[in-house]
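Dear colleague,

Please find the structure below, together with a short account of what was found in one part of it.

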Amino acid sequence: MKLRSHLVLLIVVAIIPAVAVSAVALYFFAAQTKTTVETSLVDTARALSLAVERDVRSTVSALHVLAGSADLKRGDLRAFHEHAAPVLRAWPAWDNLVVLDLAGQEFVDPSVPFGAPLPKTHAPRLSDSAMRAGFAVSEVGTGPVTSAATIAVQVPVSIDGEIRYMLAASLRTDALAELLTEQRVPAGTVGTLVDRNKIVLARTGGGERAVGQPAPSDLADNVSEMAEGHFSTVRGEGQPVFVAFSTSPVTGWTIALSTPRDALSQPFESSLKLFGGGALLVISLGVVVALMLSRRVSSSLRSLASAAAAMNSGAPVRVPRSRVQEVKAIGEALLAVHRERERSEEHRALLLADAEHRRRAAESLNDVKALVSESLEPESVAQAVVNAMARLLGAPMVVLYRTDPDSSDLVLVSEVGAPERRGWHIPRATGTVAMALETGTPVQSADVLTDPRITLEDRLRADIERSQCRPAFAVPLMVRGTAIGSLMVGDGIGRIYADEEIDLAQTFAHHAAIAMNNARLYQELRAAYDKLSVAQQQLLQAQKMEAVGRLAGGIAHDFNNLITVISGRSVMLMRELGPDHPSRRKIEIIQSTADRAADITRQLLAFSRKQLLAPKRLNVNEQVRAMLPVLERLLGEDITVTFLPDVDSGTVLADPAQIDQVLVNLLVNARDAMPHGGRIELVTANVSLTRDDLGAESEAVPGPYVMLSVQDTGEGMDAATLERIFEPFFTTKAMNRGTGLGLATVYGIIKQSGGQIVVDSHVGRGTTFRIYLPSVAADVRPDAPGPNGSAAGGRETILIVEDEPDVSEFARDALVLYGYTVLSATSPNEALAIARRHRDDIDVVLTDVVMPGMSGRELATRIAEICPRARVAYMSGYTEDAIVRRGVHSAEIPFIAKPFTADGLAHHLRTVLDGEPVAAGR
């Protein structure tokens, strides 16, 4: 028989619908009853609040009446004392009644004889509030008569429109408690009176000890939020209670009624019992009938109900079998639902766990990103990364390494769980981090101690054995395809990391790599900026020096022409006048002045590195030894010169005269820095300089150098002086004590010789100049023989080509004195014309290098076509670069620099005539 037939019979005979309707009605009745009782309690609290307010207002009104008595108006305190005593007795709730002045001094107290000494009031000072509002109510205090808890009520007493006294009554809180007990409330209800500061003023139900104490926190919080309402809470003994409260807008006091929940549900329980009894009787009759009809299915239905309840609670479910098809189908469906619910719960739990993990990972990643953008300290970012990995993966050990750019070793940057590794440097081929670095991909190992792919050094193996973090994986820190470090995570035996966890570690490692790369880029940028600043300073200095050098080179030609004429004519004039002529001294002064002007011109050219040098292979030790006697006489007896040569000092290619000039200038400068005497130490040594030693902006090339240092014990120089020490015309000496060209000349000579000069000085600690000249192979060939000292005169014919008339005339007169036949031309075209007329007579062509229209070299080539046997000699007052550009400056081409003397010119031409012939066009 199918279940449908049983259900039809049950619906007919059962009274379940009626019971259900009755239950619903009972439920709504209970809810309505509860709401009514709660509303009633709130109304009761409001009524009690008004009653307390009324009681307080009665006290205030009585005090106002007393304050307006004729006795007080007249100031007759004795009479007032007599009238106040019966009033105090008529108000049993008053503990005391006093008259006090505005300072709190009591004058009248009906509880003691009039005239007895009275103290200042025991009640809190309320005079200011009373004067503003007409009355004031204090907090809970102690009564001066009965020592009971009281509340002071004060009103001002005005006499002739001026407040002279305050009239105060102490209202006992137990009287307020009695007021609370007079109201009809559910059994077990406790009434509490709380003042504005949430202090208990009165309490029923044996709560006298709570008077004066702070109100419960839940009551205080709700009263602070609203003036009237209700809430549910639990008492200290764990009993649920319903609390209704109302706050008086006048006094600010709150009445709270706490009723046990059991008392509120008592009407419902009574109705429930009545309903239950009736329903039980009806149901029993229905059950008897139903059992007769549905005995076969009742047990199965109860089993299904039990299974459904167990399913709802999550307990294991066993669905019983039934021969009723419908019951069986319901059981199978119920079981299927239960299984599906279990799967859904498991899936939901997994999703929630995964979502929480992703949330924490995202928060940690955002923190790391923020740190990367805010900080240039890779250590702090790395520590944040390892902390996040340890927290998110639950790993006991996380370490982060970076590669050392100098040694390629791995340097520990940050760690969690590996304090012993702080400060470690491990070889690049060690551990899982090494594999991640080499492959550029994540590497995982179930046991790093037994993994044949992994190489471990002894201390790393010992640390892993101690920590037992044998399963591990490492991910590289990649920047533009290059691994700059590695992040390693280790855990206990048996731990296998999922791909998502390794991907998460790779993401954090990427941001650690960004932080390290940012720090590196910042350091490189800072270094480049510093280098650029130095280069800019050097460029400005070089431009300034070049500008002065161009100026020096520009005026050198004109100065040399002038000096040639002045000096040469002075010498010739002194020869004509003889040694005893009265004007000879004046001419000597002219000559010495011209020599000084020539020296200054040479110094300017040396500074600008445009002078003409005659470099030779020379040994620096021998050059210094040869100059020592001269230097010692120049410096004086109060200065000691010590020479410490390197016995194997190399050979340099330099102009010996210029090296002597460098020594003189440096030692004279050192002497001037030691006005009271001192010591100078000369040292030579062979050194090898790299590009880093020379500096990127230096014109010198790396390689072997000979170093010559000059160290003194003088006053030293500050930083500002050091910056300008090689500037021309810069001097720290007194007026007329120096030209400011000494060190500038040294700088120019050394730079023109391909060397480097460095100065180190500190105020009070002396100065050291270090000169570096390129080392060359020693020259074993003997020096070429010099002039033989034969007479400079001759009978040959000399063609002088000079566009400066004074110089041309001086050269002609000088050579005529030495017996030569001289032909003069002031331009190249004139010289060519003379050469055609005297093609067989000209022995030497002496030509200026730089002339308008045609250079001396071009002129010599043209004359060689006319006079093939004529030799050529060049002269010039221009700087070296101007001469070199015109192809004249060569060791094989005779050349004499302006200014020159008559003797110098004659000897030079004699050498040209007596030497190996060099064709004019050469």
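Helix 25 (residues 902-914) lies across strand 24 (797-801), strand 26 (844-848), strand 27 and strand 28, and runs at about 150 degrees to strand 27. The model is predicted, and local features need pLDDT of at least 70, side-chain atom pairs count only at pLDDT 80 or more, and totals for chains, interfaces and linings use all residues. Residues are numbered from 1 along each chain as its sequence is written, and side-chain values use heavy atoms, with hydrogens and water left out.

Contact means heavy atoms within 4.5 Å. Axes are lines fitted to C-alpha atoms, for helices over the stretch in contact, with angles from 0 to 180 degrees between N-to-C directions. Helices (H or I, at least four residues) and strands (E, at least two) are DSSP runs, numbered from the N terminus.

The strands belong to an open sheet of 5 strands in the order 25-24-26-27-28, with parallel pairing; two strands pair if DSSP finds at least two bridges between them. Its edge strands, each pairing on one side only, are strand 25 (821-825) and strand 28 (895-897). Strand 27 (residues 871-876) is joined to strand 28 by 3 bridges, and the two run parallel. Tyr874 stands opposite Phe895 in strand 28.

Gly819, with a positive phi near 95 degrees, follows helix 21.

Yours sincerely
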